[in-house]
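Have the viewer open and follow along.

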Amino acid sequence: MNELTREQILAMPAGRELDNLIVKYVLRKATSKDRPNWYLISGTTSSSVQEWVKIPRFSKDISAAWEVVKKLEGSHYFHCSRLHGQSYQSIQGNGYGVDFERTDGEGFSNAEAHTLPEAICKASLLAVRGL
């Protein structure tokens, strides 16, 4: 997928495709073509010294998802602390909602999902893609 729409991101299930998109768009790291689900943490794709690590399961593991929140808080976005819990009545029924808002007031993104890590990933992708 080259140009993801809001609807495509929201329809994605938690899993490796969503995790890889977090690496590409939120962390802005290169992924390996030879080793699926690995990304470059130091060096460049053209340098002889490189360090690759396995992509965390951002969309399924809350500790990995929290790293995504910290990444956005350190950039042009801040986490609104609007984490809606399991009793939250979302459009989809019981689920989790996450909101990200630009610190300059120029953008707001939110997502709902069945799990908090999935909602964090979807909201963060929407935020950095301006959707």
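## Where two helices meet

On the helix 2 side of this contact you'll find Leu 18, Leu 21, Ile 22, Tyr 25 and Val 26. Across from them, helix 4 brings in Glu 118, Cys 121, Lys 122, Ser 124, Leu 125 and Val 128. Sorted by class, the contact has eight nonpolar residues, one polar and two charged. Bear in mind that this is a predicted model.

As for geometry, helix 2 covers residues 16-27 and helix 4 covers residues 116-128. The two pack at an angle of about 35°, and their axes are 10 Å apart. If you like to keep track of handedness, the crossing of helix 2 and helix 4 is left-handed.

## Phe 58, tucked into a loop

Next stop is Phe 58, in the loop that runs between strand 2 (51-54) and helix 3 (62-73). Is Phe 58 buried or exposed? With a relative accessible area of 3%, Phe 58 falls under the 20% cut-off, so Phe 58 counts as buried.

What does Phe 58 touch, leaving aside residues up to four places away in sequence? The list is Asp 19, Ile 22, Val 23, Leu 27, Ala 64, Ala 65, Val 68, Pro 117 and Cys 121. Two of those names come back from the helix contact: Ile 22 in helix 2 and Cys 121 in helix 4. There is also a C-alpha separation to look at: Phe 58 and Arg 16 are 42 residues apart along the chain, yet their C-alpha atoms are separated by 8.7 Å.

## Salt bridges, one by one

Side chains of opposite charge can pair when their charged atoms come close. How many salt bridges does the count come to? The total is five, and three of them get a closer look here.

Begin with Glu 3 and Arg 129, whose side chains meet in a salt bridge at 3.5 Å, N to O. This pair links distant parts of the chain, since Glu 3 sits in the segment before helix 1 (6-11) and Arg 129 in the segment after helix 4, 126 residues apart. Glu 3 is exposed, with a relative accessible area of 64%, whereas Arg 129 is partly exposed at 24%.

Asp 19 and Arg 16 make another salt bridge, at 3.8 Å from N to O. Both lie in helix 2, three residues apart, which is about one turn of the helix. Asp 19 has 0% relative accessibility, so Asp 19 counts as buried. Asp 19 is also one of the residues that Phe 58 touches. Then there is Arg 102 with Asp 104, where the closest N and O atoms are 2.8 Å apart. Arg 102 is partly exposed at 24% relative accessibility, and Asp 104 is partly exposed too, at 43%.

## Two positive phi values

Most residues other than glycine have a negative phi. Arg 28 lies in the loop between helix 2 and strand 1 (38-42), with a phi near 55°. Asn 37 lies in the loop between helix 2 and strand 1 as well, and the phi of Asn 37 is near 70°.

Why does Arg 28 count as exposed? Its relative accessibility is 66%, which is over the 50% cut-off, so Arg 28 lands in the exposed class.

Technical notes:
Residues are numbered from 1 along each chain as its sequence is written. This is a predicted model: local features need pLDDT of at least 70, side-chain atom pairs count only at pLDDT 80 or more; totals for chains, interfaces and linings use all residues. Side-chain values use heavy atoms; hydrogens and water are left out. Axes are lines fitted to C-alpha atoms, for helices over the stretch in contact, and angles run from 0 to 180 degrees between N-to-C directions. Helices (H or I, at least four residues) and strands (E, at least two) are DSSP runs, numbered from the N terminus. A crossing is left-handed if the near helix is turned anticlockwise from the far one by less than a right angle, and right-handed if clockwise. Contact means heavy atoms within 4.5 Å. Ala, Val, Leu, Ile, Met, Phe, Trp, Tyr, Cys and Pro count as nonpolar, Asp, Glu, Lys and Arg as charged, and the others, Gly among them, as polar. Buried means under 20% relative accessible area, exposed over 50%, partly exposed in between (1.4 Å probe, protein chains only). A salt bridge is a side-chain nitrogen of Lys or Arg within 4 Å of a carboxyl oxygen of Asp or Glu.
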